[in-house]
Every structure is written in structure tokens, then in C-alpha cells.
Amino acid sequence: MLEYLWLVPALPLVGFFVLFVTEGKLPDKLVGVIGAGSVGLAALVALGAGAEFVQSGEGSYAQSLWIWMAVGNFTPSITLYLDPLSLVMTGVITGVGFLIHLFATGYMWKDHEEPEGLSRFFAYMNLFVFAMLMLVLGDNLLVLFLGWEGVGLCSYLLIGFYHRDPENGYAARKAFVVTRVGDTLMAIGLFLLFRELGTLDIQTALGDTGQLDPGMATAIGLLLLGGAVGKSAQVPLQTWLPDAMAGPTPVSALIHAATMVTAGVYLIARMKGIYELAPVAQFAVAIVGLVTLLISSFTALTQTDIKRILAYSTMSQIGYMFMALGVGAWSAGIFHLMTHAFFKALLFLASGSVILALHHEQDIHKMGGLWRKLPVPFASMLIGSLALVALPLTSGFYSKDAILLTAWEHDTGRWFWAGGVLAAFMTALYTTRMMVVAFFGETKTEPDDASRINMWGPLVVLCVLSIAGGWMGIGVLDGLLGPLGEFSHTDPVAVTTVALPIFGVLLGWLVFSGRLDLSTLVASSFGDALRRFWQSGWAFDWVYDRLFVKPFLWVARVNKRDIVDLVFRITASVTRGFHHVGALTQTGRLRWYAANMAIGLIVVFLIVASV
Amino acid sequence: MAIEVPVEQVLMVAAGLFLLGLLGVLVRRNIIFLLMSLEVMMNAAGLAFIAAGAKWGAPDGQIMFMLILALAAAEVAVALGLVLQISRRFDTLDVDAASELNG
């Protein structure tokens, strides 16, 4: 099957083209079959290719398709490169991607705002899967960048899918512009890398990193980190992700939880050779991860929109991955990427079921008491939450523990460990809050469950993966990515790491089910100010608005008539002036023309005679 | 007995005729008179050709006069059509009335 690797990205691309050129004229059922089927087939091919790759025992497999362009020494080729890292990513993208596509055939069926948009939706989704696969399979940084921008475009298109509401268009533009900041940094990093090493082939470049001087390696590492920070919604470019929840829920699950936002983690893991040369850049990765996971886990505690809670939770989980890469726990970071894709996709899809059953109500305070009425979404949310909180035996437990305990053993890692454990406690607190408020207590909105097998089927599969993904990771990834580390769970550090989330869940249960009354504390002026500060996402949006948006709008207003354009406007008006003068001679009087001809002739004669 | 007329005198007459015609074109407003003045100018040119041909004893001058006669006939045919149109559209023969094609 390995020689059919090219089919993995090709199938979603074909799906996209079919849906795109038929312009929504296909019947809805066929659209669903093409949209989900193309990704499903890609998943099967990826499974076969992956199995053969693992059996072969080779370290990597490259399939050259063609030379993209040949400009002097610069000949980037379209080559698919399979190694354990890209195999894990491909598995997540096609496997989880297929489940989400399948769920979407139910979720987007006769959609409330865009009943005609099913074909458009699946066209964008298939294009996204194709671009994401090019990102992870490309053996060349230029191909990677192509996929990188492709997923950004699809993210923009799908956030603004409900384009009738201008708010959604604003959210889409915000996501596009903010990630563009990171992409610019990344592009500069790629230029520097090309100038230093003369190639953008990842494997060749990583083999030649010895030629880089440490300062240059640090610069390239930091610039690539800039790109990763933008795409993965880390501080300081994280503000777009909560607004990106304007898109349909399957989009949030696929793009803004399971795959695209982890592209930054993939990039850094892929460029491992550079970061090993540049400890400063690697430390910066860890710092970014730590700051993000702390900020976003506090913010998640105060949100009321279920999707925004999950969005902030995604940011903090990706923060864990960045921290893992930063402290050198490379395989633990990728392991967490995989388990996070399982349980966060599960959480988003389950919340999508709830949202659909409540006729697009997303405020958790208007839910309540749903556990009896929506058993499948509730069970899915519960299992996803357990994995998110990292309670023992769930998949999140293994990956998060691997990160935190590796961090503890790192030179400067104790602070990272402390921050990570605090955030794990906060994660337990906000997850419990979400579950208790949305699913227990009294019923505030009567649900109307219409989900069929194509919706709860993926939930069940993801439930299994969220639980079993951990053991699978220990068994398979250990061999593929390198050892995750052996940890005894008896020393105090490990016990604290395990116990704090459990304590968080208990505390959360007491507080949010009303058994422990903290309302006076929350209502105090300090508590209220702190709550509003957290709810605004630590005021990042406010600061950016003052720092960038307002000044830019001011300049745009001042320069409304475009100073550069003045040159051309002056040229135009001078020409028009000459035209008016010239037009005066055109009186339309025949005799006037005859007289002018005669005078002209006389003048010519006089000139000729005088010469 | 043929009287020898010096070519200079013939050219002077031709120049006089040409100026008379030009003056007519410039000052008359009636389109019929304008066309007649044009004919006068063309005949002045023809006279100059004849005189020059006689001086060098070449037939070219007379051939050119034949051409001018043909040209004048064609011009009159077109011009009379224009005259008819102008008189129908503007109900006058004044050329200054047909001055709508201005800048």
C-alpha cells in the first residue's frame, strides 16, 4: 500500500474538485457520500500504508511525485515523506477527520442558516483535509508552507461559513489577519534558512544544520516559532481562536481543535534539529506554552459559551504541547497532540449534538439537566471531559503525565511543572463547571434530540479512542517516536501530578453544584473585577484594539484619499487641462478651419522661404 | 499669329484667382458661393499647371488639368449632396449653422 501513499492527499482533493465544479447542484445525499467518503477512503489508504510502513521497520519512506519548479539551484520537489511523526499526523487527520466529516453529514443536514450550503461546506472541508495532509506529508518546507496557507484559507472560509451575519465575517477576517502575522514571521524564517543552507528540503536542511551558526539557528528557530504561535493560537497571537468558534461546530472540531491548530506543534517537532542547536529558541517555545496554558485555563473558567470554553481549553492543551517540545519531551508532545485530537474532537462533536438538540443554544447557563435527556452526548462529553482532566486510565492522563513528569526532570523544568500542574487543576475546575452547569441541575431548555447513527456513531468511536488512545500510544508510539519515559507513580511529585486534577474535580463539584457557597467571594468588587478580566481573555483584545486596530483605522481615515495616488491624480488633471485647451480650437465652423489651414500654409511657406 | 505670354504673368493671374477664391471661401456664408469659390481655386491651380506645361513643352500640365476637372466633377457631386442635406436639416444654406461638431 505504501506506493499508493499519493492517494491519501489526492482523494480529498478529488472530492473538493467534484463538489466545487458541480456548484451545489448534486443531491444532498450524494454530497454527503462524496464529502465524507473521500476522506474515509483516504483514511483507509493511510491505514494500509501506515501498517506496511510500521511492518517494514524502515525509519522513513519518501515518494517523489514531481519537481514543482526548477529555478537555478532551487528545485523544490513535490515529495511525500512518511516517518513516524507524519504517520501519526496523517492518521489523526484522516481518521479523526473522517469521523468529523461523518458527524457533519448529520449536523449540517438541512442546516438552519444555510440549507443550500451543504456542498460548499464539504468542498471546503475536503480542501482543508488535502491542504493539511500536504502540510504534514510534504518533504519540502515550500510544500509545507503551501499546506500551511491552504489550511489558513480553509479556516477563513469555514469560520465565515454563515456569511449572512457580518459578525462571522469579522471573526473570519480576524483569524486570517492574526495568523498572517505569524505566517510572515515564518516566511522570513524560511528565507533565512534558504539563504544559509541553500535548500528547503527538510531532510537535507536538517542534515546540514551543522553549517548554521548558533545565532542564526536561534533567529530561524524564533521566526518559525512565530509562525507556530500564530497558527496554534498561542500567546500573543491567540486572540483569533475564541472568535473562530463562529464557524459550524464540526469545523471547530476538525480545524480549531484536532488538526490545524496543532500544525504549529508539528512544525516545531519537524524542525527539531534547529531547536536542538538553539536552546534559547527552545526555551522560548516552553515559555510560550506555559504562559498560554495558564492564561487560557483561567479564562476558560469564566466563559459561558460552551464552544468558547472548549476553545480556551484547546489553547491551553496546545500550550502543554509547546511546553513539552520546549523542555525536550518531543514524543510526549506529539503523544498529547494525538490524544488531544481524540478527546477534543469528541468534546466538540458532543457539544455540537447538544447545541443542535437545543436549536443552537450555546450558553451553558441556559442548558442544565440534560444528562437524562441526551444520554449519548452526555456520556461522550463525560468521557471527553475525563480525558481532558487527565483522570487516571484515560488517554489524556498518559500524555499529560508524560509531559509534566518529563518537565520535572528538565534543568529549569520545575517551574514548568508547577505551572502545568496548576493549569491541570484549573482544567479540572472549568471542565467540572461546564459539565455540572450544562448537564445537571434543573432543565432550562427542552432538548429535541434528532441525532441518527451518522452522528452518534462517530461519538462512540471517539469515546473508545479517548479512553484507549492512551494505552495505544504507550504501545505503538513508544516504538515509533522514541521512549516516552518511565515514571513511577509513587514519588511525591507524581502523586501530586495525579492528585491535583482529582482535587480540582471534587472542588468544582462542590462549588458549582452549590454545595460550597462562594457567591460572596465572587460578588466582591475584587472578585468581580478579576472575573471580568479573565472573561475578556486577559484583556488581550482590548490592548490589541488600542494598540493596532484603532491606530490603523485612524491612519486609514486620514489617508482615505491615498497620498501615493496623488501623483496619478495630478497627471490625470494636467492631461484633462490640455484637453480643455485643445477642445477650444474645435469650434465646428467650417470657415474657421479653412482660415486656419490657409494661415498654417502661409506660415509654412514663410519658413521655407526664409530658409 | 500666336502671342507669346510670359509665364510669370500667367502665374500672377493664377495667384490672383487663387486668392479671390480663398477670400470667397473665407467670407461667404452661403454654401453655394463657398463651393463656387472652391471651383475658382481649383481652376487657379489648373491654370498654373497649364502655364508650367507650356513653358517646358511637356504634356504633364495638361494631364494634371484633366485630373483636376475630374476631381472637380466628383467634388461637386458629393458637395451638392451635402448641400441638399444641410438645406433639409437646417432649413438654410448658411454653413455656420452646421457647427454642432465642436469640442
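So, the interface: chain A and chain B bury about 920 Å² between them, and 58% of that is on carbon and sulfur atoms. Keep in mind that this is a predicted model. Why quote an area at all? Well, the size of an interface is often given as the accessible area lost when the parts come together.

How many salt bridges run between chain A and chain B? The count there is 2. One I can show you is B:D96 with A:R589, where the closest N and O atoms sit 3.5 Å apart. If you search the whole structure, over all chains, you get 17 salt bridges.

Let me pick another one of those, inside chain A. A:D28 forms a salt bridge with A:K110, and here the closest N and O atoms are 3.9 Å apart. A:D28 belongs to helix α2 of chain A, while A:K110 is in the loop between α3 and α4 (118-137), so this pair ties together parts that are 82 residues apart in sequence.

Okay, staying with α2 of chain A, let's do helix packing. Helix α1, residues 7-21, and helix α2, residues 28-56, both of chain A, pack at an angle of about 170° with their axes 8 Å apart. That angle makes α1(A) roughly antiparallel to α2(A). Which residues of α1(A) and α2(A) meet? On the α1(A) side we have A:L7, A:V8, A:L11, A:P12, A:G15, A:V18 and A:L19. Facing them from α2(A) are A:V31, A:I34, A:G35, A:S38, A:L41, A:A42, A:V45 and A:A46. Sort that contact by class and you have 12 nonpolar residues, 3 polar and no charged.

The loop between α1 and α2 of chain A is worth a stop too, as that's where you find A:E23. A:E23 has a positive phi, about 50°, although it is not a glycine.

Now over to chain B. Helix α1, residues 7-27, and helix α2, residues 31-56, of chain B have axes that come within 8 Å and cross at roughly 165°. α1(B) and α2(B) are therefore roughly antiparallel to each other. As for the hand, α1(B) passes α2(B) in a left-handed crossing. From α1(B), the contact includes B:V7, B:L11, B:F18 and B:V25, and among the partners in α2(B) are B:L34, B:M41, B:L47 and B:K55.

One more helix pair, back in chain A. The axes of helix α3, residues 84-107, and helix α10, residues 249-258, of chain A come within 8 Å, crossing at roughly 165°. Again, that makes α3(A) roughly antiparallel to α10(A). Left-handed or right-handed, this crossing of α3(A) and α10(A)? Right-handed. Among the α3(A) residues making the contact are A:V92, A:I100, A:F103 and A:Y107, and α10(A) brings A:T249, A:P250, A:A253, A:L254 and A:A258. By class, the contact of α3(A) with α10(A) has 10 nonpolar, 3 polar and no charged residues.

A cis peptide bond joins A:V235 and A:P236, with omega at about 10°. And where is A:P236 found? In the loop between α8 (214-231) and α9 (240-243) of chain A.

How values were computed. Residues numbered from 1 in each chain as written. Chains lettered and ligands numbered in written order. Predicted model: local features only at pLDDT ≥ 70, side-chain atom pairs only at ≥ 80, totals over all residues. Heavy atoms only, no water. Axes fitted to C-alpha atoms, helices over the stretch in contact; angles between N-to-C directions. Helix = DSSP H or I, 4+ residues; strand = E, 2+ residues; numbered from the N terminus. Parallel < 35°, antiparallel > 145°, perpendicular 65-115°, else oblique. Left-handed = near helix turned anticlockwise from the far one by under 90°. Contact = heavy atoms within 4.5 Å. Nonpolar A, V, L, I, M, F, W, Y, C, P; charged D, E, K, R; others polar. Buried area = accessible area lost by both parts, 1.4 Å probe. Salt bridge = Lys/Arg side-chain N within 4 Å of Asp/Glu carboxyl O.
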